[in-house]
Amino acid sequence: MFPDELKKIIDKADKEMDKSVRYLKDELKHIRTGKAHPSLLDGIKVDYYGTQTPLNQLANVSAPEARLLTVEPFDKNSIEDIEKAIMSSGLGLNPNNDGNIIRIPLPVLSEERRQELVDHSKEVAEEARISIRNARKEAKNEIENKTKKESLPEDAMYEAEDELQNRTDEHTDKVKKLVEKKQEEIMTV
């Protein structure tokens, strides 16, 4: 077993890797699939009385049908601001406002658009993997420095590096599974 000083370095790297996986999950939520899901609008901010406010704090977002999102504002005066924010979000959505509720029909994704979304999900996953590898590299350097500085046994260093690699592999597997699931959702018609 390796000393506590090395365990702390590994735990710190593990937390950084967890952050990378959480970031990936958040980013994948914003990539459209064939089905309507309220989290698609999570990143949208609305100019509400001069303050950029998350849409989900201003309205109830739901998906009553597979290809339809509805947005019901708590304050009916904000409906036009919400509609503008959705249109300018870059999601390619065309909201319909009837004065009380906003309906957002989701068009069927073309095969080309699906492939673009799959490619984008791969890019985001690669960013997460790079971040995980960077956390591993920093921790490995810290382990080596700590071992030299405090004259710890080399076996402890190798054990710590093995544990670090195991945790890195666990996180990269999580990334792989998340992106594969998202790609399957995108390609399902």
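## Burial and surface

In this predicted model, buried residues make up 38% of the 189 residues in the protein. The accessible surface comes to about 11300 Å², and carbon and sulfur atoms account for 46% of that surface.

The protein carries 32 positive and 40 negative charges.

## Overall architecture

The protein contains four helices and six strands. Along the sequence, these elements follow the pattern α-β-β-β-β-α-β-β-α-α. The radius of gyration is 22 Å, well over the 16 Å that the globule rule gives for 189 residues, so the protein is more spread out than a compact globule.

Taken along the principal axes, the C-alpha atoms fill a box of roughly 70 × 40 × 20 Å.

## Helix α1

Helix α1 covers residues 4-29 and has 26 residues. At 1.5 Å a residue, α1 should span 38 Å, and its end C-alpha atoms are 37 Å apart, which agrees.

The buried residues of α1 are L6, I9, I10, A13, D14, M17, S20, V21, L24 and L28. An α-helix has 3.6 residues a turn, so residues three or four places apart point the same way. The cover over the buried residues of α1 includes α3 (111-149) and α4 (154-187).

Leaving aside residues up to four places away in sequence, D14 touches R167 and H171.

## Helix α3

Helix α3 has 39 residues. From its first C-alpha to its last, α3 reaches 57 Å, close to the 57 Å expected at 1.5 Å a residue. After α3 comes S151, whose phi is positive, near 50 degrees.

The buried residues in α3 are R114, L117, V118, S121, V124, A125, A128, I132, A135, A139, I143 and T147. Which helices do the buried residues of α3 pack against? They pack against α1 and α4. In turn, α3 and α4 are included in what covers the buried residues of α1.

How values were computed:
Residues are numbered from 1 along each chain as its sequence is written. This is a predicted model: local features need pLDDT of at least 70, side-chain atom pairs count only at pLDDT 80 or more; totals for chains, interfaces and linings use all residues. Side-chain values use heavy atoms; hydrogens and water are left out. Helices (H or I, at least four residues) and strands (E, at least two) are DSSP runs, numbered from the N terminus. The expected span of a helix is 1.5 Å times one less than its number of residues. Buried means under 20% relative accessible area, exposed over 50%, partly exposed in between (1.4 Å probe, protein chains only). Contact means heavy atoms within 4.5 Å. The radius of gyration is taken over C-alpha atoms; the globule rule is 2.2 Å times the number of residues to the power 0.38. Accessible areas come from the Shrake-Rupley method with a 1.4 Å probe; for residues, only the protein chains shown count as cover. Lys and Arg count as positive and Asp and Glu as negative; His and the chain ends are not counted. The place of a charge is taken as NZ of Lys, CZ of Arg, CG of Asp or CD of Glu.
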